[in-house]
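Thanks for coming. I will take a few minutes on one structure, so please have a look at the model first.

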Amino acid sequence: MILYEKNPDTNTLLELLEKDPIDRNQYIKTFVDLIAHCNQNTILAIDGSWGSGKTIFIKQIDLLINYFNDFDKVESKIQPKDSKLITCANNLTVADISKLEELTSSKQGVFGQIKESVQSQNINSIYFNAWEHDDETDPLLSIIFQLLSDYSDINASTTISDKTTTLISVLTSAIKLLSLGQIDWTNIKIDKDLLQSLHEKQKIKEVISEIFDQLIEARCDKLILFIDELDRCQPSYALKLLERIKHYITNDRIVVVFSTNILQLSHTVSAQYGSNFNSIEYLDKFFDLKISLPNINILGYANIINGGIKDNLTYEQEFHQISIEHFISYFDLPMRQINKYFSYTNYLQNYFSNRNMRYREELLLNLIFLPYQIGLYCINQSAYVEFISGNLEAEFKKYLLDNRKLLTFANEQMSIRIPDSQKESFAYRDEQTAQVLLKLYNFLFNSKNITSQDVGGGLTIRDVSREKYKATDRILNLLK
């Protein structure tokens, strides 16, 4: 099991671009077209909930832009003896380049169209994780350091052009100026209040403008600055970053893209200025455009992190997969919650698989109750407590009736007498099956006077089932 959203390195980004299980490639193309046609200084916000794949989305775009701008233009591609190429900010290996060449070989496909947009507008990009820098003094310095890191090949190049020489000179002098001489090119270290002596805002603006002017002259015609994880920053740093970007990065050849959760960011603003402050209106003055990130194909994502489509599944494995997918789609889980859900279900499924499921009620417990119980534990602790307290019968029934395949499996474990007049009625069969499952639920979790004989459905319910679910609760609490 690979948790893609948790660690979106280059291999992860390339695999998701190649297989596109989450149906995002077309949106990547559309977004690249959008930023390619921004003909003035523009600040955009990509809005998405936590765990919705915002970081993957912008890192994929950053990867493609840097590849098309820095490497794909070179006529001589990979040399067999090369082990690593540092031709762009992503430090791509030979294997990475080979995969990108394969993906982008067709001019008519999505990637061919992205390539056309990037190269026709001569776009380059920088990725900046704001959260990794929110313990630093000033966001402007943080961004300049990211420039130095991303374009370290400029300083290392043996064939430096006049434009590159000028850029190095400007960056070096800017670092010394902004740090009052306390930071040099070879030993970058952030000190407190590095900008305090620059009282004249116009002077700061001129310095920052010159840095970006020289960078654009050296590398591209349009620069995209991706700023990620803003909503996770300390309030003071997040707001200072927004204000610095708005006031000091004003070049018409720069597009700034914030990847954030607008709702959470508004809470950050309220934490700084008070609950009565109109935080949404305040944020609107910073963003020229706000774009909602579309939902991923959640079942496609769940399938790929679970190892893809498997052949020769056993009867139990097939319905375990159906049960897992039903919970994910029913609650519309984002990527991060899907990762967590799979981590828990895989562990507990392995734990219980060591015990032979000799009874039909054990199949129902493992393949219907357990995935639901674990899922609630992962996404909603309050609902989980209500469920194991026997208070979520109505909601559990809605969940069961929402998936006929699940109820068909459950019905096959039971002996339910169906009247001749209802034999062709799936709705009747589903209702009767759900009623037996609800009686089993009350037997397991409710303090009502429910005995094993009351469950019905031809099931042999043992008191040990209750102990099993007490054990499940203990294990879940240990996994917190």
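**Cysteines, rings and one isoleucine**

Let me start with Cys233, which has a relative accessibility of 5% and so counts as buried. Cys220 is buried too, at a relative accessible area of 4%. Keep in mind that this is a predicted model.

With cysteines on the table, how many disulfides does the count come to? The count comes to zero. As a reminder, a disulfide is a covalent bond between the sulfur atoms of two cysteines. The rule applied here asks for two cysteine sulfur atoms within 2.5 Å, and by that rule there are zero disulfides in the model.

Now the aromatic residues. A pair of aromatic rings is described by the distance of the centres and the angle of the planes. The structure holds 28 such pairs. Take Phe277 and Tyr282: the ring centres are 5.5 Å apart and the planes stand at 65°, so this pair is edge-to-face. Tyr282 also pairs with Phe286, again edge-to-face, with 5.1 Å from centre to centre and 75° between the planes.

Tyr282, at 7%, is buried. Phe286 is buried as well, at 3%.

Last, Ile216. This residue lies in helix α9, which covers residues 201-219. Is Ile216 buried or exposed? Ile216 is buried, because its relative accessible area is 0%.

What does Ile216 touch, leaving out residues up to four places away in sequence? Its contacts are Asp221, Lys222, Leu223, Asn251, Arg253 and Ile254. I also looked at Ile123, which is 93 residues from Ile216 along the chain. The C-alpha atoms of Ile123 and Ile216 are separated by 9.3 Å.

That is what I had to show.

How values were computed. Residues numbered from 1 in each chain as written. Predicted model: local features only at pLDDT ≥ 70, side-chain atom pairs only at ≥ 80, totals over all residues. Heavy atoms only, no water. Helix = DSSP H or I, 4+ residues; strand = E, 2+ residues; numbered from the N terminus. Buried < 20%, exposed > 50% of the residue type's maximum accessible area, 1.4 Å probe, protein only. Contact = heavy atoms within 4.5 Å. Phe/Tyr/Trp six-rings, centres within 6.5 Å; stacked < 30°, edge-to-face > 60°.
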